[in-house]
Structures are given as structure tokens and as C-alpha cells.
Amino acid sequence: MTYKIVRSNRKTVCLSVTAENDITVRCPLNMREEKIDEFVESKKDWLLKILAENSKKLDANKEITAYEKIYICGNKLPLIISNKNEIADDGVYVTSLKRIKPLFISTYSGVLIYIAEKTAQKYGFRVESFNIKAYKRRWGCCDKKGNITFNYFLFMLPPSLQRYVIIHELCHTVHFDHSQEFWKLVACFEPSCKQLRKQLKSFDFLINLY
């Protein structure tokens, strides 16, 4: 089992696995390699479980990772390199992979922001602004001023997960953390938040594709 070691001034050691099964160990500067090996070995059962789960997700999405298909609202459509940039019923046409981001943003931003605004109004959340951009590690972000930004990859998710992310970020306008109070608030507006949060993780691999 291979893994990357990142040393820093931290006092503890931790282990992380990406959606693509890249393993990283973060540890103190003076931690010996044999101690790192022992730590990884102690987490072997957990690691094997995560690696197997990730491999299953990746196998189920081979057409997506091979850029043969692309998700739109949770449905797979053919991804076609052509002389136009268009989302049609029979597929997504782009002149290059770099055109996916602007195409999705221009096509779906208005719809997503409209839904987010209506959801905020319905539940009484005060939001300064809604925006769309590309993130590599998150589906959305809310700053302390109440500006909410969604990842354009959100357009690829099923509507139920889009709504969950919207609710999640709206709740951050009240609780700027992931405390118990925050999760209780999320559950008030989305009782299935635990299941949806788990489903959302199955789409984490998308963020590193385009």
C-alpha cells in the first residue's frame, strides 16, 4: 500500500484518502517512518474499506472518468467533442473539455440561483448574494457576510442533492461552523440530510475531472 507523507509542525498524525484513492499521511516533522508505517497498519481495516468503496464508485462511473459521458442533474448524457458548445437532449457538445465550465455556468446559473433565492425566502434566511464558481474541494461556501457561492459542478448532481447543498449553505448564514446546532438546523429543513450527505460523497470524484 503506497501513500504520500506530508510533514509539518503539527503535533498529531492523521490519514486521508481522496475519491481517487490517493492516500496521504500528515505527521509531525520528526516522526520516524517506522512509526508512520505502524500508524498506517493500525488503520488498515478502515483503509481497505474506504479504498473498496471508492473503487466501486469509480468502476460505476468509468464512462464519466473516461470523458465519454457527463452528468446533468444526476443523469448521464454522452459527452461529445464537436464544433459547437451546446447542451442538447442527446448529449453535451463542447469544442474542448475546457468549455464545460462556461457552458454549464451560462446554461444553469440562473436556474440554480433562482431556486436558492426562493428557498431562502421560503425559510426566512437572509442572504447577501448568490454566486457560481469552480471549487476543487467543496460544493459550496458561505462567508460571514452572507455571500453564498456554489460550485458549478452542482449542476451535475440530482435535484435532491442540489437542494441539500443549498440548505446546507443557507444554514451557514445562521451557524458559521459545523456544530451540533448547525446540523440540527439543517435537519429541520432537510430531515434526510444524513442520507443525502452520504450520497453526496459518491460524487466527490467529479470535482477533479474538468
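Predicted model: local features only at pLDDT ≥ 70, side-chain atom pairs only at ≥ 80, totals over all residues.
A crossing of two helices is called left-handed if the near helix is turned anticlockwise from the far one by less than a right angle. Keep that in mind for helix 5 and helix 7, whose crossing is left-handed.

**The largest pocket**

- Several elements each give two or more residues to the lining: strand 2 (14–17), strand 3 (23–28), strand 9 (140–142), helix 2 (44–60), helix 5 (159–171) and helix 7 (193–201).
- The biggest giver is helix 2, which puts seven residues into the lining.

**Helix 5 against helix 7**

- The axes of these two helices come within 10 Å and cross at roughly 110°.
- Angles of 65 to 115 degrees count as roughly perpendicular, so helix 5 is roughly perpendicular to helix 7.
- On the helix 5 side, the contact is made by Ser160, Leu161, Tyr164 and Val165.
- Helix 7 meets them with Cys193, Leu196, Arg197, Gln199 and Leu200.
- Sorted by type, the residues of this contact come out as six nonpolar, two polar and one charged.

**Where the two topics meet**

- Helix 5 and helix 7 touch each other through the residues named above, and both also give two or more residues to the lining of the largest pocket.

Terms used. Residues numbered from 1 in each chain as written. Heavy atoms only, no water. Helix = DSSP H or I, 4+ residues; strand = E, 2+ residues; numbered from the N terminus. Axes fitted to C-alpha atoms, helices over the stretch in contact; angles between N-to-C directions. Parallel < 35°, antiparallel > 145°, perpendicular 65-115°, else oblique. Contact = heavy atoms within 4.5 Å. Nonpolar A, V, L, I, M, F, W, Y, C, P; charged D, E, K, R; others polar.
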